[in-house]
Amino acid sequence: TFFNLSKNLSSWAFENLKGKNRYQQGSRLHCLFDVNAAVPRDIVIDRGNISDLKIAHNLSYNAGEIYIGDRGYFSFKWFRQIKEAKAYFVTREKHFEYEIIEQRIPNQANVIRDDIIHPIGKKSAQNYDGLLRMITYYDPDFEKELTFITNIFEYAAKTIADLYKIRWQIEIFFRELKHYLKLRSFLGNSKSAIAIQVYA
């Protein structure tokens, strides 16, 4: 989630800033959220122009856990990192080249496709060695089709869609952080001062 900061008071947040994207003119809080405990497990506070993936690559991942990210986390390097940790991921699909290895017959409501695929694009194949699962699901709440990429092959396709919905808990957490805890202004302007207030 993003916090606007003053360039005069928090110059550290505007280092290497190019362009006038207002969502980069401040600080961004990156969070690995534990849905079972309903609390953040890892928090990173940095400039607003640091990408989600750069932060994600520096996090540690535990075997057996499932990591859920939005389309901003679609990266074959990130997929490989989680796979090498013997963990799992679910994220939204971005366009890439692939071949279909197996077409599973959808047998659940709102599941449109359930395919086992192999990336064949130059960068994707170079950065991720192995098969993936691509699921297309119609979300009746938002009335739109969503396509997910995962390395979970044994769960039902509908379960993968339900896992992705759990990701909204972090959005609720961010809303509570800003609204209920009144975290809209800061007592200090340095990176450390802002981090201490967020942690507190």
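In this predicted model, the residues lining the second largest pocket divide into seven nonpolar, no polar and four charged. The lining of the largest pocket, by comparison, divides into 20 nonpolar, five polar and nine charged residues.

- Strand 8 (132-139), strand 9 (144-150) and helix 4 each contribute at least two residues to the lining of the second largest pocket.

**The largest pocket**
- The largest pocket has a volume of about 870 Å³, and its lining is made up of 34 residues, of which Cys-31, Leu-32, Phe-33, Ile-68 and Ile-170 lie nearest the centre.
- Elements that give two or more residues to this lining include strand 3 (39-47), helix 1 (52-57) and helix 5 (168-179), while strand 2 gives the most, with seven residues.

- In soluble globular proteins, nonpolar side chains tend to be buried together.
- The largest nonpolar core holds 20 residues, and the ones that touch the most other members are Trp-78, Phe-79, Phe-89 and Ile-149.
- Helix 1, helix 2 (76-84) and strand 8 each supply at least two residues of this core, and the largest share, four residues, comes from helix 2.
- Leaving aside residues up to four places away in sequence, Phe-79 touches Tyr-73, Phe-74, Phe-89, Thr-91, Tyr-128 and Ile-149.
- A second, separate core has 18 residues, including Leu-5, Ala-13, Phe-174 and Val-198.

Methods: Residues are numbered from 1 along each chain as its sequence is written. This is a predicted model: local features need pLDDT of at least 70, side-chain atom pairs count only at pLDDT 80 or more; totals for chains, interfaces and linings use all residues. Side-chain values use heavy atoms; hydrogens and water are left out. On a 1 Å grid over the protein atoms alone, a cavity is a set of points where a 1.4 Å probe fits but cannot get out, and a pocket is an open set with protein on both sides within 12 Å along at least five of seven lines; lining residues have an atom within 4 Å of a point. Grid points are joined across faces, edges and corners, and a volume is the space filled by probe spheres set on the points. Ala, Val, Leu, Ile, Met, Phe, Trp, Tyr, Cys and Pro count as nonpolar, Asp, Glu, Lys and Arg as charged, and the others, Gly among them, as polar. A nonpolar core is a set of buried Ala, Val, Leu, Ile, Met, Phe, Trp, Tyr and Cys residues joined through side-chain atoms within 4.5 Å. Buried means under 20% relative accessible area, exposed over 50%, partly exposed in between (1.4 Å probe, protein chains only). Contact means heavy atoms within 4.5 Å.
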